[in-house]
Each structure stands twice: as structure tokens, then as C-alpha cells.
Amino acid sequence: MLQFMLLFSRQGKLRLQKWYTPHLEKQKKKITRELIATVLTRKPKMCNFLEWRDYKIVYKRYASLYFCCAIEENDNELLTLEIIHRYVELLDKYFGSVCELDIIFNFEKAYFMLDELMLGGEIQETSKKNVLKAIQAQDLLSEELEATRNALEEMGFL
């Protein structure tokens with residue numbers, strides 16, 4: 001089970017975080033700071049797995065973003081790498097070659113995608129097609145809501 005997932009840049013800027021186990025805000029900040037520093041100091045040819053505190057850390061760099069997951073000691077690292085890769089594939093399909101700016105300016109869509117893929121730290125949906133359908137349905141709903149709001153504003157109701 002995933003304990004948490006972090007997305008951060010090569011400069012150490014946190015872009016997205018999803019926690020599946022409860023932590024105090026102070027603990028989250030400390031964990032994030034230490035983990036980002038640990039991952040960024042590793043050389044590119046080093047293994048993408050490391051033992052850190054009571055967790056196994058699995059990370060992968062795609063372009064300028066690091067995708068980093070903490071899992072329990074007895075969990076499968078390769079499955080976690082596959083989850084990271086599946087998430088990146090979904091982001092790529094939706095944004096068309098995802099970049100750091102896509103995550104920054106569309107973080108709500110990135111969170112929604114992650115929530116469709118994962119539930120409580122466990123993989124929920126393995127089909128990319130089904131996840132993308134859910135996201136497209138959400139986009140359609142948002143567009144309809146925006147159109148309704150604009151029509152009501154023009155009529156003077158809002």
C-alpha cells in the first residue's frame with residue numbers, strides 16, 4: 001500500500017502531494033523536506049529504490065519531475081514503479097506530453113486523475129481508458145456548470 005506520493009521538480013519544489021496515511025502537518029513538512037533532499041542527492045545511475053525510515057521509497061524521474069512513492073517494507077517495488085508509470089502515461093495522454101507547468105496550472109486535474117487511479121493507497125483502476133473517460137466526463141460537467149453560471153450572470157440572477 002502506498003503511504004504517500006510526492007511530485008517535485010529538480011530544484012526541490014513540491015508540485016503535488018497525496019497522503020494515504022494520517023500525519024501531522026509538521027511531520028508532513030519534515031518528511032517532504034528530508035525525502036526531497038535525499039532523492040535529489042542521488043546520482044542518476046543509482047537504483048530507484050531506497051530504504052528510508054520505516055518505508056521503502058520508490059522514485060522515478062520523468063523530464064524535470066520526480067515521482068516519489070513511499071510504500072511499506074513488504075510491498076513490491078516493481079509494482080509501485082508500474083503505478084508511477086501508469087500515472088505518467090495518464091498525464092501524458094491527457095495533457096499531451098505532460099510538463100511541470102501542466103501540473104502547476106492544472107493541479108486539480110492531476111489530483112483527480114490520481115484519485116481515479118488510486119484509492120486509499122491501493123490501485124483502484126488499471127484501465128487507462130476508463131480513467132480518461134472519467135476525467136473527460138468531469139471536464140464536460142465543469143464546462144456545463146460554467147456555461148450555466150455565465151447564462152445566469154447574463155440574466156442578472158448572480
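Predicted model: local features only at pLDDT ≥ 70, side-chain atom pairs only at ≥ 80, totals over all residues.

Biologist: How far apart are the closest N and O atoms of Lys18 and Asp115?

Modeller: Lys18 forms a salt bridge with Asp115. The pair links distant parts of the chain, since Lys18 lies in strand 2 and Asp115 in helix 4, 97 residues apart. The closest N and O atoms of Lys18 and Asp115 are separated by 2.9 Å.

Biologist: Is Asp115 buried, partly exposed or exposed?

Modeller: Buried requires under 20% relative accessible area, and exposed requires over 50%. Asp115 has a relative accessibility of 33%, so Asp115 counts as partly exposed.

Biologist: Which residue forms a salt bridge with Glu100?

Modeller: The closest N and O atoms of this pair are 2.8 Å apart. Glu100 belongs to helix 3 (residues 100-105) and its partner to strand 2, so the bridge ties together parts that are 85 residues apart in sequence. The partner of Glu100 is Arg15.

Biologist: Which of these categories, buried or partly exposed, applies to Glu100?

Modeller: The cut-off for buried is under 20% relative accessible area. Arg15, at 27% relative accessibility, counts as partly exposed. Glu100 has a relative accessible area of 13%, so Glu100 is buried.

Biologist: Which residue in strand 5 stands opposite Tyr59?

Modeller: Strand 4 (residues 55-62) and strand 5 (residues 65-71) pair in the antiparallel sense, over seven bridges. The residue of strand 5 that stands opposite Tyr59 is Cys68.

Biologist: Why does the length of helix 5 agree with its number of residues?

Modeller: Helix 5 (residues 128-155) has 28 residues, and at 1.5 Å a residue they should span 40 Å. The two values agree because the end C-alpha atoms of helix 5 are apart by 41 Å.

Biologist: Against which helices do the buried residues of helix 5 pack?

Modeller: The buried residues of helix 5 are Val131, Leu132, Ile135 and Asp139. They pack against helix 2 (77-95) and helix 4.

Biologist: What distance separates the closest N and O atoms of Arg149 and Glu146?

Modeller: Arg149 and Glu146 both lie in helix 5, three residues apart, about one turn of the helix. An α-helix has 3.6 residues a turn, so residues three or four places apart point the same way. Arg149 and Glu146 form a salt bridge, with their closest N and O atoms separated by 4.0 Å.

Biologist: How many salt bridges does the structure hold?

Modeller: The pairs discussed above are among them, including Lys18 with Asp115 and Glu100 with Arg15. The structure holds salt bridges to the number of nine.

Note on methods: Residues numbered from 1 in each chain as written. Heavy atoms only, no water. Pairing = 2+ DSSP bridges. Helix = DSSP H or I, 4+ residues; strand = E, 2+ residues; numbered from the N terminus. Expected span 1.5 Å × (residues − 1). Buried < 20%, exposed > 50% of the residue type's maximum accessible area, 1.4 Å probe, protein only. Contact = heavy atoms within 4.5 Å. Salt bridge = Lys/Arg side-chain N within 4 Å of Asp/Glu carboxyl O.
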